[in-house]
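Subject: A structure for you to look at

Hi there,

Here is the structure I promised to pass on. Please open it next to this message and keep the sequence at hand while you read.

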Amino acid sequence: RALSSRFSIRLFHEADRFMGHHVLTIGSTEEYDTTPLVYEYTRNTFHNPYPLPLVTQDVAQFLLIRGKYAYIGNGWIGCSVTYNGTMYWRPKEVEVDYGVPVDAQCTETAPNSGIFVREWSKVHVEMNCNDYSAKLDMK
């Protein structure tokens, strides 16, 4: 049998859209370490995703919550959406080598601070849920 006949999207865990502390407080739990994570870029609108409005925040959240197996990219956008003449545009932020996770999961900097961090071997990742800002500080 072909591998494609055994594929099911239900084998993936889809990240919820960021809602306050909900996504980040679960961190890298066993579920994220055993089930592949699918994280979709935030779009402008469903039919007009580009330019992607929150790339830094999306990459930061992805790096904060991902387990061993994860995918970041476009969700379903059809076959006719282009940006600057390119279909399925990839932001430069996903072409960076962030290294490997140093921390097993993200942590909140202080109780109820709303600021989550996680160290990777080549980047310090921070997401501030209070003002929805993100930092990817390369080492």
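Below is what I found in it, from the overall layout down to single residues.

A word on the source: this is a predicted model, in which local features need pLDDT of at least 70 and side-chain atom pairs count only at pLDDT 80 or more, while totals for chains, interfaces and linings use all residues. Residues are numbered from 1 along each chain as its sequence is written, and side-chain values use heavy atoms, with hydrogens and water left out.

**Overall layout**

The protein has 3 helices and 9 strands. Helices (H or I, at least four residues) and strands (E, at least two) are DSSP runs, numbered from the N terminus. Read from that end, the order of elements is β-α-α-β-α-β-β-β-β-β-β-β.

Of the 139 residues, 40% are buried. Here buried means under 20% relative accessible area, exposed means over 50%, and partly exposed is in between (1.4 Å probe, protein chains only). The protein exposes about 8,200 Å², and carbon and sulfur atoms supply 54% of that area. Accessible areas come from the Shrake-Rupley method with a 1.4 Å probe, and for residues only the protein chains shown count as cover.

Contact means heavy atoms within 4.5 Å. Among contacts with a separation of 6 or more, 53% are between residues 24 or more positions apart.

**The sheet and the helix across it**

An open sheet of 4 strands has the order 6-7-8-9, with antiparallel pairing. Strand 6 and strand 9 (133-138) are at the edges with a single partner strand each, so one side of each has no neighbour in the sheet. Two strands pair if DSSP finds at least two bridges between them; strand 7 and strand 8 are joined by 5 bridges. In this pair, Arg118 stands opposite Val125 of strand 8.

Helix 3 lies across strand 7, strand 8 and strand 9, and runs at about 70 degrees to strand 9. For that angle, axes are lines fitted to C-alpha atoms, for helices over the stretch in contact, and angles run from 0 to 180 degrees between N-to-C directions. Helix 3 (residues 55-65) is mostly covered, with 10 of its 11 residues buried. Among them are Val55, Val59, Phe62 and Ile65.

**The nonpolar core**

In soluble globular proteins, nonpolar side chains tend to be buried together. A nonpolar core is a set of buried Ala, Val, Leu, Ile, Met, Phe, Trp, Tyr and Cys residues joined through side-chain atoms within 4.5 Å. The largest one here has 25 residues, and those with the most contacts inside it are Val59, Leu63, Leu64, Ile72, Val125 and Leu136. Two or more residues come from each of strand 2 (37-40), helix 3, strand 8 and strand 9. Helix 3 gives the most, with 7 residues.

Leaving out residues up to four places away in sequence, Val59 touches Ile72, Glu93, Val94, Tyr98 and Leu136.

**Salt bridges**

With a salt bridge taken as a side-chain nitrogen of Lys or Arg within 4 Å of a carboxyl oxygen of Asp or Glu, the count comes to 5. Three of these are worth a look:

- Arg90 pairs with Glu95, their closest N and O atoms being 2.6 Å apart. Glu95 is exposed, at 52% relative accessible area.
- Lys122 and Asp97 meet at 2.6 Å, N to O. This pair links distant parts of the chain, 25 residues apart: Lys122 is in the loop between strand 7 (115-119) and strand 8 (123-128), and Asp97 is in the loop between strand 5 (86-87) and strand 6 (107-108). Lys122 is partly exposed at 37%, and Asp97 is partly exposed at 47%.
- Glu126 and Lys135 meet at 4.0 Å, N to O. Glu126 is buried at 18%, whereas Lys135 is partly exposed at 43%.

**Two loop residues with positive phi**

Most residues other than glycine have a negative phi, and most peptide bonds are trans. Asn112, although not a glycine, has a positive phi of about 60 degrees. Asn112 is in the loop between strand 6 and strand 7 and counts as exposed at 68% relative accessibility. Tyr132 also has a positive phi of about 60 degrees and is not a glycine. Tyr132 lies in the loop between strand 8 and strand 9 and is partly exposed at 27%.

Enjoy exploring it!

Best wishes
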